[in-house]
Each structure stands twice: as C-alpha cells, then as structure tokens.
Amino acid sequence: MTKIGILASYNGSGFETIQKAIEDKILNAEVVVIITNNTNAGVIEKAKFYNIPYFIINNKICPEQDLDDKITKLLLEFGCNYVFLSGFMKKIESKLLKAFPNKIINTHPAILPSIYGGKGMYGRFVHEAVIKNGEKKSGVTIHFVNEVYDEGEKILVKELLLAENETVDSLENRIKELEKEAIVEAFKKLLA
C-alpha cells in the first residue's frame, strides 16, 4: 500500500480530501504521518481525529538549518512513498527534494505556468490577481515540487471558465471544489 506523508501549515483541507478518498476506497493508500510548522494548525486536530501521528517542526523547536533534515528523516522513518503539501507555507529544501525526487506533490490554485505562480502567489492572492487582470479562465495545477516555486513537472491541470459576475470569493470557492477533484484524480493517476 502506498504511504503518504502530509506537510501542512494550516487546516490541511487537501489532506482531508485524500483521507476521504482513502476511506471511500477510491485511493489504495494510507496517510502515515502529518508534519506541521504551526503549533496552532487546524490539521493537528484532524490528525488526532484520524489517529495519525503528527509532529510540529519549526524554528522554535530546532534551528532553521536543521528543519529540512528533521522533516526528511521523519518522512523516511515512516516509509513515505509520496509527500503531499497541503498548504505548507515553507520552501522545500534540497535534502527533502533529493530524498523524494518526483515524489513531493503540490496543488496550486491557478493554471501553471503563468504569472499566477511563484513566491507569494497562493490562495486568495492568486484569485485576486486573476479577477483584477480580467482572466476568462482559471483552474488548478497539481505538480511535482522542485527547487523553484511552482515550476515542477505538471501531473494534471483542471480548468474552469470564470463567470461574468465572478468575485474573489466565488472563484475561491469554485477553485476549492475543483481542487478536491484534481487531488484525487492526480493520486489515482500516480497510483495506477
């Protein structure tokens, strides 16, 4: 069975999507560990609810230069085949990338490559920019992580057309729903 490790900074909604697909027998996998850098992350309560081991690793607990090493060791100890970034707000460093080549997966709330990727372009900031620029479509990109923000090899892209009266809130909600579909579809593709 495929073992998935989750890195999350906040609520871990992408983790919940994966967990539900596992419980519904859509994905033949298991989430074996959750790592967060935020002591107040909502994903901690979710880890407790599902009885999944979780760890808080941040620069208050260990020196900045050791974070990458500690995260990498934990994911390897738990035998992770894939690592999923569920709103993880730290850059993935070289040791982790080397330990999991083309095995670290991110979801981005826009069609990549585009001007809506890169440092600082996440969540609501992306939707605000898409609306401001009068785009006709947006979407979700599931991609492997490499050393450059949002430039890893694409696994899949799902698009949607913007409504004429689209707002940042309505686009955000529509993208979140599309993202759920995309995450499951991407993992089905990877696990096939």
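**Notebook: pockets and one threonine**

I sorted the lining of the largest pocket by residue class and got 14 nonpolar, 15 polar and 9 charged residues. I note that the model is a predicted one.

I then looked up the volume of this largest pocket, which is about 970 Å³. Its lining has 38 residues, and those closest to the centre are G87, F88, M89, Y122 and G123. I listed the elements that give two or more residues to this lining: helix 1 (13-23), helix 5 (123-132) and helix 6 (168-191), together with strand 4 (82-86) and strand 5 (104-108).

Next I turned to the second largest pocket, with a volume of about 200 Å³. I found 13 residues lining this pocket, and L67, D68, K90, K91 and E93 lie nearest its centre. Helix 3 (residues 64-77) gives the largest share of the lining, 4 residues. By class, I recorded 7 nonpolar, 1 polar and 5 charged residues for the second largest pocket.

Last, I looked at T36, which sits in strand 2 (residues 29-36). Is T36 buried or exposed? I read a relative accessibility of 1% for T36, so T36 counts as buried, the cut-off for buried being under 20%.

I checked what the T36 side chain reaches. Another is the backbone nitrogen of N38, at 3.1 Å. Setting aside neighbours within four places in sequence, I listed the residues in contact with T36 as A8, S9, A41, V43, I44, F55, I56 and I57.

How values were computed
Residues are numbered from 1 along each chain as its sequence is written. This is a predicted model: local features need pLDDT of at least 70, side-chain atom pairs count only at pLDDT 80 or more; totals for chains, interfaces and linings use all residues. Side-chain values use heavy atoms; hydrogens and water are left out. On a 1 Å grid over the protein atoms alone, a cavity is a set of points where a 1.4 Å probe fits but cannot get out, and a pocket is an open set with protein on both sides within 12 Å along at least five of seven lines; lining residues have an atom within 4 Å of a point. Grid points are joined across faces, edges and corners, and a volume is the space filled by probe spheres set on the points. Ala, Val, Leu, Ile, Met, Phe, Trp, Tyr, Cys and Pro count as nonpolar, Asp, Glu, Lys and Arg as charged, and the others, Gly among them, as polar. Buried means under 20% relative accessible area, exposed over 50%, partly exposed in between (1.4 Å probe, protein chains only). A polar contact is a pair of N or O atoms within 3.5 Å; within protein, one must be able to donate a hydrogen and the other to accept it, and residues adjacent in sequence count only if both atoms are side-chain atoms. Contact means heavy atoms within 4.5 Å.
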